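Biologist: Can you take me through this one? I would like to start where the chains meet.

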Amino acid sequence: MKYEPVIGLEVHIQLLTESKIFCSCSTKFGAEQNTHVCPICLGLPGVLPVLNEKVVEYAIKLALATNSRINKRSIFARKNYFYPDLPKGYQISQFEEPFCEFGRISIKVDGEKSREISLTRIHLEEDAGKSVHAESFVSKDETLVDVNRCGTPLLEIVSEPDFRTPKEAAAYLTRLRQIVRYLGVCDGNMEEGSMRCDANISVRPQGQEKLGVKTELKNMNSISSVEKALDFEIERQISVLSEGGSISQETLLWDANRNVAEPMRSKEYSDDYRYFPEPDLVPVEVNEDWIDRVSQSMPELPLAKKQRFVQEFALPEYDAQVLSEDRAIADYFETAAQKVADKKAVSNMVMGEVLRVIKEQQLHVKDLKITPEYLSEIINMIDEGAISRNIAKKVFNRVAETGTAPRVIVQQEGLLQISDTSALEATLDQVLQENPNEVQAFLNGKEKVIGFLMGQVMRATSGKANPRSVNALLRKKLADLKS
Amino acid sequence: MDLVELDFFTTREKLATREINCKELFETYLQRIDKGAHLNAFISVFPENGRKRADEIDRKLASGKAGKLAGMILGVKDLISVRDELTTCGSKILSNFVSPYDATVIRKLNAEDVIIIGKMNMDEFAMGSSNENSFFGAVKNPLDVDRVPGGSSGGSAAAVAGNLCMTALGSDTGGSIRQPASFCGVVGLKPTYGRISRFGLVAYASSLDQIGPVTKSVADTALLLEVMSGGDKLDSTSAHVAVQKFTAALGQDVKGLKIGLPKEYFSEGLDRQVADAVSLSADILKSAGAEIIEVSLPHTEYAIATYYILATAEASSNLARYDGARYGYRVPDVVDLEDMYVRSRTEGFGAEVQRRIMLGTYVLSAGYYEAYYRKAQKVRTLIKHDFERAFQTVDCLLTPTAPTTAFKIGEKIDDPLTMYLSDVYTVSVNLAGLPGISVPFAQDGAGLPIGVQLIGKAFDEETIIRVADFLERNADSNS
């Protein structure tokens, strides 16, 4: 029997606000344990939460970017459970009446048509702290708690069970990560946990309407882990069912070292979070004005940018796609392209050279020594005939290493292209003299040797000769010899 | 007359003219606390800090720079945070908890130069109507030490009535200020929900809790309310509405006021003498020119049940943080996480608190939420509507505060349902978020005080203070 997987994803993103969702403590990552805390995020007796409006603003951004319907009024709820890193004994989240609903995200898997994934809801909540067990400073029978992360704002993005393959799930996560990074609301770092994904997965016989029993997968620390874990679990479920077994509803943890998903220590009872409306907070009210204001501050989103690059700069689809993937790269490209006529030349340099340097040196765009202004200078120098394309690469590398302006490097290292025929004439004559056989071959009709002769001239001038000038002069001289 | 018999309103004249000073006053109260130790009204007393404050405020008074409440010797119910002092909530589980911050009300009161003399005993986590549910032992009624002072702000009411402090703060979730005020013969006000910031008030039931004053006079209540009221950035549920000058409502007449008597409040279970006291107060108001109108609050009979579902639901969640993990009581020799939770909470909480946590957990559980919590929310709305309808015809309501006068210690402790009925006339006010004040008006045959309650429209404490002040002035001659 052929089985069809049905997958839904729940993604948590940590928001890049300066302060926490219900108090003014810093959200900065990596601080010393239990230093970014106050009575409020410690949940001391008598404290009350107050909503950070920036969190709502970020939620509006993501809602707009995913075409979600923003509820004019949404309410917070308490999700009750005991755990030492949850200081209040409940997490403030949203349950009934979430922030927004019915969003859509468009995905594309290689070789397939793009399709839309529906979002059930996006809601606001607070993060819990961290329990620390297996560290050198923790004794064997102890657990320490770091409360710094408590109250870090989160958005939970819940998709419909719309995915049919792990590849689609990965494409969705890639797209979602791109969107949140574009919006600047989350850094999308799955390794560090600022973006986390849980997956619900079941399989059913092809053609069957009714859903199978689902399991929940957790602990995937990268998009590729999500894909692998789903592959693993689909295979496991199909083999269980094929052998006449049944799937039990449970939570599995992905072990990325061993590439297996294993059941969490099972509890005999199911969790009952006893959700109820949070009485310490008033409803979140979002009016049209607020949405308009945020909407005006929205950056251009990846798909729109890609289309604009195609239209405005006449770039091929592929170029526009690559350049728009990362907002910082796209901005770099646009700045560089501003003062250059040949946009495709800029695109080539960014895709070829700039991305190479970023990858080799593991740099962030903002740390590049070769600024977009320098890049346009180099391209313009090629255009003016001041340097050749080959020399341009050399100049590029020197600028990328040193951060010195391209014109200064060209000057200092004497890389200016020789286009002046009178300056080239002597070298040319010498090359013709030293290679009589090749000259003869040309005269006999073997046009190809002209390439060899040009190479000789370029070598003699250390590559500085303008190839176009050399070519023209060489043809003229050889023609003279013919007649 | 003994100095400690006076309210702050009167004492402040003597302080202003330097007839007495804060230091003497404070020392006098410390002596009274010693003498009244058998009442068990205090959990902690601050002689050192209090003396320093008294000196400081005496200097301010001398230089004419003192605040509005300079020299007020205030006791604070032990579930309101005072920085660097214990905040036990009357519970073993917080018996070692020192709060690192001031509640908003404490900040405001300190700015007006009150002197905090100590923290008062109370029913554990404000759950109780007799002050017998405290880890620190029962509080006794100063008027008859075999009787309860009421609860949960029993320590506050007993201390004010017994002259162990001049004024006190209480908290009222279902009657916890008004009922003990009635039992001890003092004034107690529960303000409109949102009138006073709850920041720093340890939560029992967040949607019902309010801080309020317990005082010897309506005037002191008006003064304290003026200082404590107002919106607070630290409490999203606090109301940013104008704060009236409540003291301006003092000394007024009641001519032309329409005062409602809700007929459902005069039914079975109401002590004859209490009923007579309310009737008498109505007669006096009538003869002073007020119009007395019978009104109906038809959903009154559901108030207690509604209250015990909603309050315990919120409590079960509010009290989850006391788990032994980060602060407060943790049992020794913990085996594992669950063991720590179960034993710390079993040993740390008293019987009534455990009963309410279990009730609340039950009504929020999957499968019961709709039948209990959701249904109770709907009834709460109906109760609110009852009051809104009544207030279309009257300016305020006059009712008994409690069905009886102070009962004997031990009399109801084993019968929670009877105990819960002590709050039958007060809980609706919390459910509707309205202001209510209890003012001592008469005494029963045994000489125990009887308070009457005035209930106002939301954010109209002015009217009930006006009527309470009038009844206070006209009470003595009738008791």
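**Interface and rings**

Modeller: Asp280(A) and Arg198(B) join their side chains in a salt bridge, with N to O at 3.1 Å. A salt bridge here is a side-chain nitrogen of Lys or Arg within 4 Å of a carboxyl oxygen of Asp or Glu. Before going on: this is a predicted model, in which local features need pLDDT of at least 70, side-chain atom pairs count only at pLDDT 80 or more, and totals for chains, interfaces and linings use all residues. Residues are numbered from 1 along each chain as its sequence is written, chains are lettered from A and ligands numbered from 1 in the order in which they are written, and side-chain values use heavy atoms, with hydrogens and water left out.

Biologist: How many salt bridges are there between chain A and chain B?

Modeller: Two salt bridges are counted between chain A and chain B.

Biologist: And how many residue pairs are in polar contact across that interface?

Modeller: The rule finds 20 residue pairs, both residues at pLDDT 80 or more. A polar contact is a pair of N or O atoms within 3.5 Å; within protein, one must be able to donate a hydrogen and the other to accept it, and residues adjacent in sequence count only if both atoms are side-chain atoms.

Biologist: Pick one residue. Where is Lys88(A)?

Modeller: Lys88(A) sits in the loop between strand 4 and strand 5 (90-93) of chain A. Strands (E, at least two residues) and helices (H or I, at least four) are DSSP runs numbered from the N terminus.

Biologist: Is Lys88(A) buried or exposed?

Modeller: Lys88(A) is buried, because its relative accessibility is 12%. Buried means under 20% relative accessible area, exposed over 50%, and partly exposed in between (1.4 Å probe, protein chains only).

Biologist: Which residues does Lys88(A) contact?

Modeller: Leaving aside neighbours within four places in sequence, Lys88(A) is in contact with Gly43(A), Glu126(A), Ser317(B), Ala320(B) and Arg321(B). The side chains of Lys88(A) and Glu126(A) make a polar contact at 2.8 Å.

Biologist: New topic: rings. How many aromatic pairs are there over all chains?

Modeller: The structure holds 27. Rings of Phe, Tyr and Trp (its six-membered ring) pair if their centres lie within 6.5 Å; planes under 30 degrees apart are stacked, over 60 edge-to-face, and the rest tilted.

Biologist: Why is the pair of Phe125(B) and Phe349(B) called edge-to-face?

Modeller: Because their planes stand at 65°, with the ring centres 5.9 Å apart. Phe125(B) and Phe349(B) are both buried.

Biologist: What about Tyr322(B) and Phe349(B)?

Modeller: Tyr322(B) and Phe349(B) are also an edge-to-face pair, 6.5 Å centre to centre with 75° between the planes. Tyr322(B) and Phe349(B) are both buried.

Biologist: Which residues form one aromatic cluster?

Modeller: Phe97(B), Phe125(B), Tyr322(B), Tyr327(B) and Phe349(B) do.

Biologist: Last one: is Glu48(B) buried or exposed?

Modeller: Glu48(B) counts as exposed, because its relative accessibility is 51%. Glu48(B) lies in helix 3 (residues 47-62) of chain B.

Note on methods:
Contact means heavy atoms within 4.5 Å.
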